[in-house]
Amino acid sequence: MSERLPPLSDIPADLVCAADYQRYAAQHMSANARAYIDTAAADGLSHAANLAAYARWQLAPRVLADVAGGHCRLSLFGLELSHPLLLAPVAYQKLVHADGERAAAYAASQLGSSMVVSTLASTTLEDIAAVSQSPQWFQLYLQHDRAFSADLVHRAEAAGYCALVLTVDAPLAGVRNGEQRAGFSLPPGVFAANLAAMAPYQPQLAAGQSMVFDGLMTFAPRWDDIAWLRSMTRLPILLKGVLSPEDARLALQHGVDGLIVSNHGGRTLDGVPASLDALPRIADAVAGSMPLLLDGGIRRGSDILKALALGARAVLIGRPYLHALATAGALGVAHLLRVLQEELEVAMALSGCRTLDDISPQLLWPR
Ligand SMILES: Cc1cc2nc3c(=O)[nH]c(=O)nc-3n(C[C@H](O)[C@H](O)[C@H](O)COP(=O)(O)O)c2cc1C
């Protein structure tokens with residue numbers, strides 16, 4: 001489809017779940033935006049693994065439990081949430097809607113959720129904070145210019161962000177064949193607004209040097225950067241993109257406050273496991289010493305319940321809310337969050353869980 005329909009101002013009656021938003025969004029996104037949002041790295045194995053992982057777990061429901069007066073509220077690193085569902089950091093949201101990040105952040109704050117604001121947002125972190133009715137976390141990509149990175153942290157603190165999420169699994173982009181085939185490029189007016197004042201990275205490579213090892217990886221974050229970050233901020237620090245239990249243990253040793261178990265929606269290294277499959281081993285490794293979050297493939301309230309039963313404190317969604325944003329702007333994102341919260345409440349009630357504290361591995365059918 002080459003024509004892009006304008007966003008809807010009402011939610012049609014047949015739009016009732018995240019998959020419906022994906023179907024609708026195909027008509028409300030340009031081919032360029034679809035190439036950026038809907039593809040994954042290389043052969044899409046890890047993205048497919050994320051989507052398939054939840055169906056391999058079944059729930060073991062309990063009946064006749066008294067769940068009256070229940071809820072799924074929680075507090076997490078400065079956020080007071082109505083439910084354990086956040087909007088993951090997603091770059092360049094103006095690709096799908098003129099109001100971009102401002103619409104998504106506003107919707108999240110109205111629905112008791114919160115958006116993790118990307119370094120690569122197409123709106124400045126200050127403008128996003130100004131429309132959000134509640135605090136947010138800032139996702140940091142360390143830049144080749146360390147002074148500029150430090151300035152980003154200070155800007156986020158000054159704008160009221162209450163945690164930092166350092167993304168560690170994407171020091172360089174994955175092999176994005178889908179984007180390459182489609183000839184993806186950012187259209188005029190869509191750019192990394194937070195980085196507008198920074199000189200772009202210009203590699204100085206000698207003949208035979210590698211763009212990866214002698215270029216991009218020379219300023220990639222390393223373990224000693226955690227201490228550097230800690231020295232300049234009082235905010236809690238979470239690492240996003242951890243799949244290995246050994247890295248989880250190292251994160252604990254380096255004083256990290258929380259982890260987001262994630263494979264970046266299958267967009268960086270293809271061939272890694274589903275984040276849900278990595279979660280139990282990471283939960284074992286940290287043994288309750290720090291909160292774990294998870295993203296990748298969450299499409300249903302029952303998916304959230306499964307992730308929580310396997311050790312996550314909360315989850316994040318990426319593509320689904322971009323589909324909702326493309327389809328119906330802030331209204332779509334708010335509706336999607338409401339739908340997922342209701343699905344989670346139904347799943348909790350039918351499993352005999354009154355609050356999130358009642359969710360445990362016993363909720364999963366043994367396999
Ligand atoms: C279009 C797109 C852009 C993304 N941009 C970022 C980003 O700027 N920073 C980041 O840490 N993760 C980024 N991610 C990864 C998401 O935060 C999240 O890990 C992933 O989308 C979760 O998988 P899901 O899309 O299946 O829900 C991006 C994902 C997508 C789909």
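The model is predicted: local features need pLDDT of at least 70, side-chain atom pairs count only at pLDDT 80 or more, and totals for chains, interfaces and linings use all residues. Residues are numbered from 1 along each chain as its sequence is written, and side-chain values use heavy atoms, with hydrogens and water left out. The protein has 13 helices and ten strands; helices (H or I, at least four residues) and strands (E, at least two) are DSSP runs, numbered from the N terminus. Its radius of gyration is 20 Å, close to the 21 Å that the globule rule gives for 367 residues, so the protein is as compact as a globular protein of that length. That radius is taken over C-alpha atoms, and the globule rule is 2.2 Å times the number of residues to the power 0.38.

**Overall build**

- The C-alpha trace spans about 70 × 50 × 40 Å along the principal axes of the protein.
- Of the 367 residues, 54% are buried; buried means under 20% relative accessible area, exposed over 50%, and partly exposed in between (1.4 Å probe, protein chains only).
- Among contacts between residues at least 6 apart in sequence, 73% join residues at least 24 apart, where contact means heavy atoms within 4.5 Å.
- A65 and Q143 give an example of separation in space: they are 78 residues apart in sequence and 52 Å apart from C-alpha to C-alpha.

**Surface and charge**

- The protein exposes about 15600 Å², and carbon and sulfur atoms supply 54% of that area. Accessible areas come from the Shrake-Rupley method with a 1.4 Å probe; for residues, only the protein chains shown count as cover.
- There are 27 positive and 33 negative charges, and their mean positions are 2 Å apart. Lys and Arg count as positive and Asp and Glu as negative, while His and the chain ends are not counted. Each charge is placed at NZ of Lys, CZ of Arg, CG of Asp or CD of Glu.

- The buried residues of α12 are G301, D303, I304, L305, K306, A307, L308 and A309.
- These buried residues pack against β3 (85-87), α11, β9, β10 (314-317) and α13 (319-350).
- After α12 comes G311, with a positive phi near 125°.
- G297 sits in the loop between β9 (292-295) and α12 (301-309), and its relative accessibility of 9% makes it buried.
- Apart from neighbours within four places in sequence, G297 is in contact with N50, L51, Y54 and D303. D303 is one of the buried residues of α12.
- G297 lies 21 Å from A248, C-alpha to C-alpha, and 49 residues from A248 in sequence.

**Buried polar side chains**

- H47 belongs to helix α3 and is buried, at 14% relative accessibility.
- The H47 side chain makes a polar contact with the side chain of R319 (3.4 Å). A polar contact is a pair of N or O atoms within 3.5 Å; within protein, one must be able to donate a hydrogen and the other to accept it, and residues adjacent in sequence count only if both atoms are side-chain atoms.
- Not counting residues up to four places away in sequence, H47 touches A40, G265, G266, R299 and R319.
- R176 is in the loop between β6 (163-167) and α7 (177-182), and at 13% relative accessibility R176 is buried.
- A polar atom of the R176 side chain lies 3.0 Å from the backbone oxygen of R267.
- R176 touches Y36 and R267 when residues up to four places away in sequence are left out.

**Alanines in loops**

- A42 lies in the loop between α2 (31-37) and α3 (45-53). Its phi is positive, near 45°, in a residue other than glycine, and A42 is partly exposed at 28% relative accessible area.
- A287 is in the loop between α11 (275-286) and β9. A287 also has a positive phi, of about 45°, although it is not a glycine, and at 62% relative accessibility A287 is exposed.
- A65 is found in the loop between α3 and β1 (74-76), and it is partly exposed with a relative accessible area of 39%.
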